[in-house]
Structures are given as structure tokens and as C-alpha cells.
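Q: Hey, I've just opened this one and I'm new to it. Can you walk me through it?

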Amino acid sequence: MISFGIDIGGTFIKIVAVNKTGKVLKNQKLKTPRYLSSSKFLEFLAEIVNKYKKELKIKNAVIGIGIAGDTDNKKGILRFAPNIPWCNLKITSGLKKLTTCKCFVSNDANMAAFGVYKKELKEKYKNILVFTLGTGIGGGLIIDGKLYQGATGSAGEFGHIKISDSNTGNICACGARGCLESYIGTNNLRKLTLQAVKENPKSKLAKLLKKEQFSVKLLSVAAQVKDKDALLIWNYFGTHLGYALSNLILIFNPEIVAFSGGVSGGAKYFIPALHKVFKMQKIHEPFKNVKLLVPKIKDIGALGAALYALSMKNEK
Ligand SMILES: [Zn+2]
């Protein structure tokens, strides 16, 4: 028995194949083929799975898919995705037809949460929040040792929690205003960076930006050399994330909050601002006890999806 984990994001797709003990046998990273129609996209995924099945000489496999959008985990449908082009995609039935594998789908951050719980923390902690930080901001919840997906599979949409006025706040990729993602998603970080560079054209950040295109890594490099604007942007990031996170901590009282995704690389620059927001809270206990973590395991979303499929393989 092999399990494939497929993590589908706005920019990249990561695929892993694991054996039944969760050992990684293969992995691959590809650009998300945003130009494909939904049926061609399913064929694209099936081709990779079928190629691996041949290479690994296996017949019996399951597939777990984590996708950056609002998914119906029970019906196997991607309903809506602000940052990827396919909506109302019947992903599990489509992929099953093309690969003969049993398929399961969930939101990508849910799969990352499952990966953190099972592999990174080895089930040692039972109440975990996971943020995926990138173009989009996702969330996953482990409550009492179980992945919590909610009534419609939509639980954990942390990126679309409102942290500002719904009429005047920043406009989000989902179409609403005031969502967390519209403040700390990479599109807004790019906007803030370009604005800062315009105002301070001689800063270290401005010099870096002359040599290469904007990336979150560049913001970390600039913060490392104590560029004021980069430090201010990371502080802005941490403060806004802190507003949403402090509400979530009051609701769920987690032991662990994990940050995955590309922007988690800047954790050491945004975590001080999180602690500042935590200190402003008057109910101290949940904030004193929560541990903040960046998973060491790479591709935790794809791995989580593969492990999720293994855990679900006997379900209908
Ligand atoms: Zn939104």
C-alpha cells in the first residue's frame, strides 16, 4: 500500500508518495498549471500518480489531496478558491476515475495541521492550530487529537477572519473586505514593501530590491541587516496576525500554534510582535502556555495529505 499526498497551492504543487508507515519514497515540486481547464488539470495530476505507480510497481494506492480553498471533504469537491483558478471541481471522483485510487480531499491547511500533529509532534500534543502563511492565509485545527473540519468542511478559514471593518478594510482575494489575508498575505507585503521603497529610496531594502524581485525572503534578508522598513513590515505582519491569533487562542486554548508556508521563514522577525499582542490580553493563562512553532519537516502539507489518506482508507 502506497499513499500519495498532493498539496495544491496557488503557485506550486507538491507531491509525495509514502509507504504505510509514512516513510517518504518520492517527492516532487511542480508549478501549478493555472492555464489548464479543470478536466485537463485532473488529467495532469493523474498522469503523475500513474507514472509513480508504474515506477514503484504498485497497484494498491490511496490519494490524499490538500487544496488551497474551501473544500467539501465529504463529497470530495473544491467549492471555492480565491487564489487558484478551479471552482466546483469534483476532484476525488474525477481523480479516482483516472487512477483507480481511493481519493480524499481537504483544505491544504487542514492537511498541514494533520501532518504537524502526526509527524512533527508525533501526537504528543492534542490541541493544535496551524497557519499556512503565503499568498493566501490558511488555517487548520486539531482538537482533542482529531482534525476538526466543521459541518461543511470549511472550519479553520483563518485567512478570512475579519480583523478590520468590512466596509472600509483592505479588499481580499475572496472579494470581501477586512480579512486577515488582505493584511498579511504576500500581495499586501509586496505592496507595503514597494511603498516603503518609494518613500526611502536609499534604504537597504531599496538597494536589495534593485537587484532582485520582491520576495518574502528579501524582507528577511533586509531585516537581518536591521533595515528599518523591513523591521516595520514584519512588526505590522506580527501585529495583525496577533489580533486574529489572540481571538483564536481565546476560543480554542491550544497547546501549540504552528506556522507553515513560505512566510513562516520570517518567524523570528514577526514572533516578537505576536508576544506584544499576547501581553495586552487580560486572560493570561492560555497565552502564557501556548508554544509557537515552525515545523522542521519540509512539505508538511503534502505529507499530511498522504497520512490523512492512510488514516481514511477504510472509510467509504
Ligand atoms: Zn477574504
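Q: How many residues does the largest nonpolar core have?
A: Keep in mind that this is a predicted model. Its largest nonpolar core has 88 residues. Those with the most contacts inside that core are Ile6, Ile63, Ile65, Ala113 and Ala306.

Q: And which helix gives the largest share of this core?
A: Helix α11, residues 300-312, with nine residues.

Q: Where does the core lie relative to domain 1 and domain 2?
A: Between them, because both domain 1 (2-114 + 299-312) and domain 2 (125-293) give residues to this core.

Q: OK, new topic: the domains. What separates the centres of domain 1 and domain 2?
A: Taken over C-alpha atoms, the centres are 26 Å apart. The contact between the two takes 21 residues from domain 1 and 21 residues from domain 2.

Q: Which of them gives the most?
A: α3 does, with six residues on the side of domain 1 that touches domain 2.

Q: How do the residues on that side divide into nonpolar, polar and charged?
A: Seven are nonpolar, 10 are polar and four are charged.

Definitions and conventions: Residues numbered from 1 in each chain as written. Predicted model: local features only at pLDDT ≥ 70, side-chain atom pairs only at ≥ 80, totals over all residues. Core = buried A, V, L, I, M, F, W, Y, C linked by C-beta atoms within 7 Å. Buried ≥ 20, exposed ≤ 12 C-beta atoms within 10 Å, placed from the backbone. Helix = DSSP H or I, 4+ residues; strand = E, 2+ residues; numbered from the N terminus. Domains from an automatic or database assignment. Contact = placed C-beta atoms within 7 Å. Nonpolar A, V, L, I, M, F, W, Y, C, P; charged D, E, K, R; others polar.
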